[in-house]
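Please look at the sequence and the structure first.

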Amino acid sequence: MIAMLQKTNVFQRKTRKGSRLKGAAEQLEQQAKFYIVDSSLLPEVFLKVARVNRSLQSGEFRTVGEATQKVGLSRSAYYKYKDGIRPLFEAAHHSIITFSLMVTDEAGVLSDILAVFARCGANILTINQSIPVNGQAAVTIAARTGDMNGPVEEMMAAVMGISGVARMEILARE
């Protein structure tokens, strides 16, 4: 399971042109920062908050009190973190994600990849493929993910299951 955490701290680095970067650093402080973290590395409180959010959204529980009691979390801890913990596919909703892939130079591999994107409801905006070197080609796909019928992780897992796909990762998110 992968979770997305919001980070609000920004660390400034000293450079020769530090005064020019001061304004940029101040702007960065005001923007939310996101990190993709494997859930096995997260403190248990974050996982419990995610469980409470899921159970409230699914209708399993009607109130925060019921849900927090069921997972063994205090309401104050839930309210402290509830807005900062979301599943990756939810954070990517209505966004454009750029994927980077490494594929083998075989007929039909790119077609199979595009078929998975279409089945999952991702709207492909651009496709760039390099000339194959040593039987491998780099492919970059930018897709609008707002209307997908499932999580981005499921689509990525389906693409990784295609024979000829060596690697797939998220390069950028807008």
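A residue counts as buried when its relative accessible area is under 20%. By that cut-off, 33% of the 174 residues in the protein chain are buried. The model is a predicted one. Its accessible surface comes to about 11100 Å², and carbon and sulfur atoms account for 51% of that area.

**The chain as a whole**

The protein chain has 7 helices and 7 strands. Read from the N terminus, the elements follow the order β-α-β-α-α-α-β-α-β-α-β-β-α-β. Among the contacts in the protein chain with a separation of 6 or more, 69% are between residues 24 or more positions apart.

**The sheet**

Strands of a sheet pair through backbone hydrogen bonds, either parallel or antiparallel. In this model, 4 strands make an open sheet, in the order β5-β6-β4-β7, and their pairing is antiparallel. The edges are taken by β5 (residues 123-129) and β7 (residues 165-173); each has a single partner strand, so one side of each has no neighbour in the sheet. From one strand to the next, the twist averages 20 degrees.

Strand β4, residues 96-104, is joined to strand β6, residues 136-144, by 9 bridges, and the two run antiparallel. In this pairing Leu101 stands opposite Val139 of β6, and Ser100 stands opposite Thr140 of β6. On β7, the pairing with β4 is also antiparallel and covers 7 bridges. There, Thr98 has Ala172 of β7 as its bridge partner.

How many of the 9 residues of β4 are buried? The number is 8, so the strand is largely enclosed by the rest of the structure. Ser100 is a residue of this strand. Its relative accessibility is 12%, and it therefore counts as buried. Apart from neighbours within four places in sequence, Ser100 is in contact with Val139, Arg167, Met168, Glu169 and Leu171.

| Helix pair | Angle | Distance between axes |
|---|---|---|
| α6 (residues 109-120) and α7 | about 155 degrees | 9 Å |
| α2 (residues 44-58) and α3 (residues 64-71) | about 135 degrees | 9 Å |

Helices α6 and α7 pack at an angle of about 155 degrees. An angle over 145 degrees counts as roughly antiparallel, so α6 is roughly antiparallel to α7. The crossing of α6 and α7 is right-handed. On the α6 side, the contact is made by Ile113, Val116, Phe117 and Cys120, and on the α7 side by Met155, Ala158 and Val159.

For α2 and α3, the angle is about 135 degrees, and these helices are therefore oblique to each other. The crossing of α2 and α3 is right-handed. Helix α2 contributes Lys48, Arg51, Val52, Ser55 and Leu56 to the contact, while α3 contributes Val64, Ala67, Thr68 and Val71.

Terms used. Residues numbered from 1 in each chain as written. Predicted model: local features only at pLDDT ≥ 70, side-chain atom pairs only at ≥ 80, totals over all residues. Heavy atoms only, no water. Pairing = 2+ DSSP bridges. Axes fitted to C-alpha atoms, helices over the stretch in contact; angles between N-to-C directions. Buried < 20%, exposed > 50% of the residue type's maximum accessible area, 1.4 Å probe, protein only. Contact = heavy atoms within 4.5 Å. Areas by Shrake-Rupley, 256 points an atom, 1.4 Å probe, with all protein chains shown as cover. Parallel < 35°, antiparallel > 145°, perpendicular 65-115°, else oblique. Left-handed = near helix turned anticlockwise from the far one by under 90°.
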